[in-house]
Amino acid sequence: MKSPERGLSAYKLVWGKTDLQGISRRRGGPAWNPALAHFLDVAAVAGILWDRYLTPGARARLTEAWGAANTGTAKRVVMALAGLHDLGKGSSCFQRMFANSPFTDRDPELQQARKEWERQARAAGLPLAADLGTAPPARHEHVSAEVLPRLLGCDCRRYCDGQERYGQRARGLHTAGFILGGHHGHIPSPYQVTAAAAATDARLSGGNWEPVHREHLQWVLDLVGLDTDTFAAAMQPERPSAIPLLLGLIVVADWIASDENRFDYRQAAHSPAQWWQRSQIQARKAIDDLRLDAWPAQAVGWPGLFPDTPAPRPFQAAGLEALPGEGPVMTIVESDTGSGKTKLALAIAHAQALTCGSGGAYLAMPTRAASSQAIIVVRDFLKNALPAGVDANLASVHGAASAGRTEHELIDEAAKPNRGATQLNDLASFIAPTLTPDTGAGRAVLDPFFLRRCMGLVSPFGVGTVDQIALGPQRSQHWFLRLFGLALKTVIIDEAHAYELFQQRLLGAAIEWLADAGASVVVLSATLPASIRTSLVASWCHGHRVPVADDGPAGPITVVDGNGLVRRVTPNQALPSLDTTIDLSPDPGTKALAQEAVDLAHQGGIVAVLRSRVDPAVTLYQEVVTRAVAAGWSRDEVVLLHGRLMPRDRLPREEHLAAVLGPGDEKSKPNPRRPKRLIVVATQVIEQSLDIDFDHLITDLAPVDLLIQRRGRVHRHAVNHPQRPTWCWDTRSCSGRAPRMRVLFNENGDGSPIVEKPDWNAQRPGTLDAFVYAPYVLAATWKALHERRDADDLIRIRTPHDSAPLLEAVYGDRQETDGPLHDLLNRTWDAWQQDLHDETQEATQRLLRPYDQDGHPVTITSLASGTDHGNGENGDGIRGIRALSRLGEDSITTVVLYQQPDGAYTHDPEGHEEADLRYRGAQRNQHEKTAWRRQQIAFARNTLSLPQRWFNAKNSIPAPATWPTLPGTATRHMHIAVLTPDGHCISGPTGITYNPVRGLTKNT
């Protein structure tokens, strides 16, 4: 079937993009790009991604849904649908945006091009409304959703909503239409699609657009190699994951093909066949430049992957041996901190790449700080897991990614000219390179394309926070893009015990989607309650629509295949035991605690004091510094770390601690940079995934699973044992000597711990730590530890042997006892159960699941979302329905600038880093791109989160809506706090103070 070519036909004059930045015209190209040319660019990119980026599992699911079981047909259908995403631009309501665009007012050449385009379009018979300003409004993607089914033979004007009388073919056509309607981030509702029909109604829009749409459709089908009947008949989606897989692919292809530096504008005088040839060439080069390929895993064994540990530990070997020979798998690994869980997870991801074609890996961490450490681990792993000479993108996926040192080392690597990536060479002028010599092995790099929102998950490899997974199954802008990126990888969820019930429910829904899409999942935890393990297995099996088939025996490694068969593996050699001696004692107060820390470390030793809240941590730090300096210490020998520091101040501290308290370059020897003495005062930011080793830990009372986790930061590296001071050992433990750890609690007069919020009406003392952790869990933890006191009033535990009993004592049935503790447990139990119920409700009302409880697949209309749901990251959307990755207090993200005495704005209090406030939206050349990236990095490094309660409480600070703006449009969408060089806020949230050492405080 061939469409006629008749010169400058009307369908060619439907414009798709205009040269607002002048890129095309500077190259001698036209001022506007035909919509059909962009269709073909996107289709070509989708075809390359099908071949090189999609996994075999994803292709199989797309073939099942969009190819009538024929892989070749499916590829062509997917290419065609990707190309037709902008079909709705053929409408007066969109075309008028050229004819009336305010963006052209400052560009006389573009104004003239606009006039000439409209003259040609009307002369050629393009059905523009006589007065474009009167065309019925509609979003072009909604028009695409409305038009496509009718062009392919559906005789219903409104979406069938899966009603049986319309048949499977109509449902498939409308599902495809709604997918096209979602390519700007939100799948539309039936109402929105129905309303869009007015945009192409000849009686309302001024002309009949159907012939133009048919021309566009036919050209796309002809050039990808399809006929209309095959195209329409192939659309039979049943599996829910086919929706995010297709829609995610379309969005990625569209974003790549919209890069005007990679894709030329086409001359309307040339034929679509000529356009298509150019599209295929430029699409291939774009994917080459972006390095957007699935993991080309090479068959190397453990010694090749981890040269520093040439043989796996018994439990690591057992975990790998338990993997099925084929198909996706979920593996749950429970082992103490420092036992090698992360290496096992990466080895499993490598095995899945070899056996199932998994396209990469995403390592999800509980915090940004943990992510910053983990990305170094994955970078080093990829040197061995990639074939020699192969580059792969490794993205950092969290809000402060653009401010990290490792991220810019990866960008520098990508810019090396000998690897064919020359676009970013100018970055070297402002990012200090710390590059390793080229050894000829594989290499992790980072193209800045993957720093865009959601695109980090599209990168073949990524490290970020668990929030990205939790946002996947929630209505928000581009929620499906998150699932798309994750579905092509082995997803590793670390520190699974650390997530609140709200997050656990969201993670369960995400696992259902990943199972349906054919991905593999690895869950890591030092301690995991049985209820959470059971729930994870159930989610995996529900996503595969199979019952749980459990073989019963217990073991630290749980392996579940795609058929629901559960195996629990115990290695031949028992897991290493870790003995710990705990001193559960009342908090002596800030001054006494500060003196104790200084006395302990004075003659040598690394002491950490972990407080549950920022304010007590800062107060203690100041007291420790005073006493340490009085004893002859340097201020640098006391470090404060918490979450109210700007990245510019926090990240160097994290990097310093990792460098001096982590393993050295030779892991078999003590780290030569380890100081003789050091005191670290911190909040929970140090408890998870930071590879740092303390001699002694003093911590506030916390849930038992977190205490076990924190123990993993004490005596972490055995190579340091000979250098540890004698006072940090308990020589009376069962093993001969064990690390000591002190747990502090506030003591009530009746012998029970103070764990509740203050209740002045009941004249009951309280603690603000109750706003951080559930009072029942704190009380139950105290009881579980207290009951283990031995004759010398110390608590000696051995993990993992004691882990499960402790967890079940706290998180199992309500604990029973006598006296005041009985009343406390009863009172706080009821409140805790209500909180858990509320968390479950909050999650349930937000999450999207691929199948209902009866196994019926979700319909496309139930996946509709809108701006009220927000984008999942910036706190936008309507409270109560917006997507959230975790519960807790809302906050306002603020960019901090310092105003110097001469009026200049800088990023540092000293005035050395002048702030660039110019708007840099039009990045016409490499110099402008470099300047834009420098600007955005500086803003990212100067961000703070202000708690919402500071705007509502007594002595509240001004609301963001009242903050004045600054000269320069770069800050037009930012909340800006202007500080004096000494840290006092003079514009914006007046009433706050920031100190680079102590952090953010609210003035009283």
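Mentor: Good. Aspartate 665 has 74% relative accessibility, so it counts as exposed; the cut-offs are under 20% relative accessible area for buried, over 50% for exposed and partly exposed in between, with a 1.4 Å probe and protein chains only. The model is predicted, so local features need pLDDT of at least 70 and side-chain atom pairs pLDDT 80 or more, while totals for chains, interfaces and linings use all residues. Numbering runs from 1 along each chain as its sequence is written, and side-chain values use heavy atoms, without hydrogens or water.

Trainee: In which loop is aspartate 665 found?
Mentor: Helices (H or I, at least four residues) and strands (E, at least two) are DSSP runs numbered from the N terminus. Aspartate 665 is found in the loop between helix H26 (647–661) and strand S16 (677–682).

Trainee: Which residue forms a salt bridge with lysine 669?
Mentor: A salt bridge needs a side-chain nitrogen of Lys or Arg within 4 Å of a carboxyl oxygen of Asp or Glu. Lysine 669 is partly exposed at 47%. Its closest N and O atoms are 3.4 Å apart, and the partner is glutamate 666.

Trainee: How many residues apart are glutamate 146 and arginine 150?
Mentor: Their side chains meet in a salt bridge, 2.8 Å from N to O. Glutamate 146 has 3% relative accessibility, so it counts as buried. Both lie in helix H7 (residues 140–151), and about one turn of the helix separates them: 4 residues.

Trainee: Where does arginine 814 lie, relative to its partner aspartate 830?
Mentor: The two side chains meet in a salt bridge of 3.8 Å, N to O. The pair links distant parts of the chain, 16 residues apart. Aspartate 830 is in helix H30 (819–844), and arginine 814 is in the loop between that helix and helix H29 (803–811).

Trainee: How many salt bridges does the whole structure hold?
Mentor: Some share partners: Asp730, Arg732, Asp790, Asp792 and Arg796 join into one network. A search of the whole structure gives 58.

Trainee: How many residues has the largest nonpolar core?
Mentor: A nonpolar core is a set of buried Ala, Val, Leu, Ile, Met, Phe, Trp, Tyr and Cys residues joined through side-chain atoms within 4.5 Å. Those with the most contacts inside the largest one are Trp66, Leu81, Phe231, Ile256, Leu292 and Leu481. Another core lies apart from it, with 49 residues, among them Phe694 and Leu778. The largest has 187 residues.

Trainee: Why is helix H19 described as largely enclosed?
Mentor: Helix H19 covers residues 405–414. Its buried residues include His408, Leu410 and Ile411.

Trainee: How much space lies in the largest cavity?
Mentor: On a 1 Å grid over the protein atoms alone, a cavity is a set of points where a 1.4 Å probe fits but cannot get out. Points are joined across faces, edges and corners, and the volume is the space filled by probe spheres set on them. The count is 7 cavities of 30 Å³ or more. The largest holds about 70 Å³.

Trainee: Which element gives the most to the lining of the largest cavity?
Mentor: Lining residues have an atom within 4 Å of a point. Strand S13 (578–586), helix H27 (704–711) and strand S20 (795–799) each supply at least two. With 4 residues, the one that gives the most is H27.

Definitions and conventions: On a 1 Å grid over the protein atoms alone, a cavity is a set of points where a 1.4 Å probe fits but cannot get out, and a pocket is an open set with protein on both sides within 12 Å along at least five of seven lines; lining residues have an atom within 4 Å of a point.
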